[in-house]
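The sequence and coordinates are shown first.

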Amino acid sequence: MISGFANPQRFLGLSAWLLPVTSLLAVVATAIGVVWSLWYAPADYQQGETARIMFIHVPSAWIAVGAYTGMAIGSLSYLVWGHALGDIAAKVMAPIGAAFTALCLATGSIWGRPTWGTWWEWDGRLTSVLVLFFLYLGYMALRSALEETSKASKAAAILCLVGTINIPIIRFSVEWWNTLHQKASIIREGGPSLDPSMLHPLLVMGVAYLLIFAALTLAAMRAEIWKRSADAILARQAA
Amino acid sequence: MTPQFASLSDFLAMGGYAPFVFGAWGLSVAVIIGLIVRVIIHGRYQKARLAALRSEKAESPTP
């Protein structure tokens with residue numbers, strides 16, 4: 001299956017059934033997650049109903065970081081083994097990851113106003129996620145500034161890999177700079193500190209966001225393969 | 001698993017935080033729907049473009 005993903009034509013065959021399956025699962029997980037988060041999950045005893053923003057804020061943060069990590073893996077496989085699909089995956093994940101990073105920043109800001117008393121603070125976590133957003137924009141700007149050649153793909157892949165230094169900074173920012181953003185409460189030593197009544201709907205929303213991201217990526221990769229095939233025909237005609 | 005709201009109006013009030021909770025949720029729904037629409041339109045366009053080029057090529061082998 002992994003080797004199948006390295007070949008664009010076989011990828012089209014595999015994704016032809018993987019995309020509808022992923023989309024269907026995404027719809028189911030989203031339906032369960034939304035009702036559970038908004039209707040059945042308890043309000044926080046300190047934050048009240050504003051805690052319901054967590055169920056979309058935290059998953060968007062996971063996707064923001066996860067998409068960048070996916071781009072880095074794709075870029076590395078392109079640079080090391082010349083896998084065209086790695087380059088295609090990295091390219092199409094960039095705008096999707098940027099959108100989820102923007103959602104993470106916006107929902108966090110909306111949550112911060114009633115709970116912290118401010119829309120924004122130059123806190124380590126907030127600032128490092130803002131840097132992630134600019135990395136996505138820089139990657140897309142570089143790709144659109146250069147013509148679609150292997151040179152452009154290589155330059156973009158190198159930029160992406162250099163930017164991965166920011167990923168551990170995001171992860172540990174809440175330990176290094178102890179300002180406003182709370183510390184990790186899910187993946188931490190001693191297990192999650194979040195109550196199961198909130199943890200379980202949050203995990204369902206996390207799975208829903210992951211499936212939405214996967215479906216969007218598969219669909220965008222298929223479109224990019226068609227685009228490159230069409231461009232190749234045009235290039236041959238012009239030659 | 002018990003419902004946390006006694007009525008729909010309780011739910012819509014969100015304990016006085018409705019603009020924040022529904023603002024954040026509404027924005028997320030809008031952006032995700034935008035991503036889905038964008039990829040569907042882009043995908044259909046590229047697929048049709050490739051199909052047109054391929055049929056064109058099949059009709060006129062060597063100009």
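Predicted model: local features only at pLDDT ≥ 70, side-chain atom pairs only at ≥ 80, totals over all residues.

## Burial and overall form of chain A

How many of the 239 residues of chain A, as a percentage, count as buried? The share is 39%.

Chain A contains seven helices and zero strands, arranged along the sequence as α-α-α-α-α-α-α. Its radius of gyration is 20 Å, close to the 18 Å given by the globule rule for 239 residues, so chain A is as compact as a globular protein of that length. Taken along the principal axes, its C-alpha atoms fill a box of roughly 70 × 35 × 30 Å. Of the contacts in chain A between residues at least 6 apart in sequence, 75% link residues at least 24 apart.

## Confidence in chain A

The average pLDDT of chain A is 91, and 97% of its residues score at least 70. Within chain A, confidence is highest in helix α2 (residues 54-81), at a mean of 96, and lowest in helix α6 (residues 166-176), at 87.

## Annotated segments of chain A

An unreviewed UniProt entry lists residues 16-181 of chain A under "domain: Cytochrome c assembly protein". In the model, this range is 80% helix and 0% strand, and its end C-alpha atoms lie 42 Å apart.

The UniProt record, also unreviewed, lists "transmembrane region" for residues 12-41, 61-80, 92-112, 124-142, 154-174 and 198-219 of chain A. Among them, residues 12-41 are 97% helix and 0% strand, with end C-alpha atoms 40 Å apart. Residues 198-219 of chain A are 100% helix and 0% strand, and there the end C-alpha atoms are 32 Å apart.

## Form of chain B

Chain B has two helices and zero strands. Its radius of gyration is 24 Å, well over the 11 Å that the globule rule gives for 63 residues, so chain B is more spread out than a compact globule. The C-alpha trace spans about 75 × 25 × 15 Å along its principal axes. Of the 63 residues of chain B, 19% count as buried.

Helix α2 of chain B covers residues 18-59; at 1.5 Å a residue its 42 residues should span 62 Å, and its end C-alpha atoms are 61 Å apart, which agrees. For chain B, the unreviewed UniProt entry lists residues 20-41 as "transmembrane region". That stretch of chain B is 100% helix and 0% strand, and its end C-alpha atoms are 32 Å apart.

## The contact between the chains

The contact involves 32 residues from chain A and 27 residues from chain B. On the side of chain B that touches chain A, 17 residues are nonpolar, seven are polar and three are charged.

Which residues of α2(B) are buried? They are F20(B), V21(B), A24(B), W25(B), S28(B), I32(B), L35(B), V39(B), Q46(B) and L50(B). These buried residues pack against α2, α3 (84-116) and α7 of chain A.

## Selected residues

M14(B) sits in the loop between α1 (8-13) and α2 of chain B. Its phi is near 50°, a positive value in a residue other than glycine. Why does M14(B) count as buried? The reason is that M14(B) has 20 C-beta neighbours inside 10 Å, and a residue is buried if 20 or more other C-beta atoms lie within that distance of its own.

R228(A) is found in helix α7 (residues 196-238) of chain A, and R171(A) lies in helix α6 of chain A. R228(A) is partly exposed, with 17 other C-beta atoms within 10 Å; R171(A) is also partly exposed, with 14 other C-beta atoms within 10 Å.

How far apart in space are R228(A) and E49(A), C-alpha to C-alpha? The separation is 48 Å, for residues 179 apart in sequence. For R171(A) and D123(A), which are 48 residues apart along the chain, the C-alpha atoms are separated by 13 Å.

Methods:
Residues numbered from 1 in each chain as written. Chains lettered and ligands numbered in written order. Helix = DSSP H or I, 4+ residues; strand = E, 2+ residues; numbered from the N terminus. Rg over C-alpha atoms; globule rule 2.2 N^0.38 Å. Buried ≥ 20, exposed ≤ 12 C-beta atoms within 10 Å, placed from the backbone. Contact = placed C-beta atoms within 7 Å. Nonpolar A, V, L, I, M, F, W, Y, C, P; charged D, E, K, R; others polar. UniProt positions renumbered as here; feature names shortened; annotations may be inferred. pLDDT = per-residue confidence, 0-100. Expected span 1.5 Å × (residues − 1).
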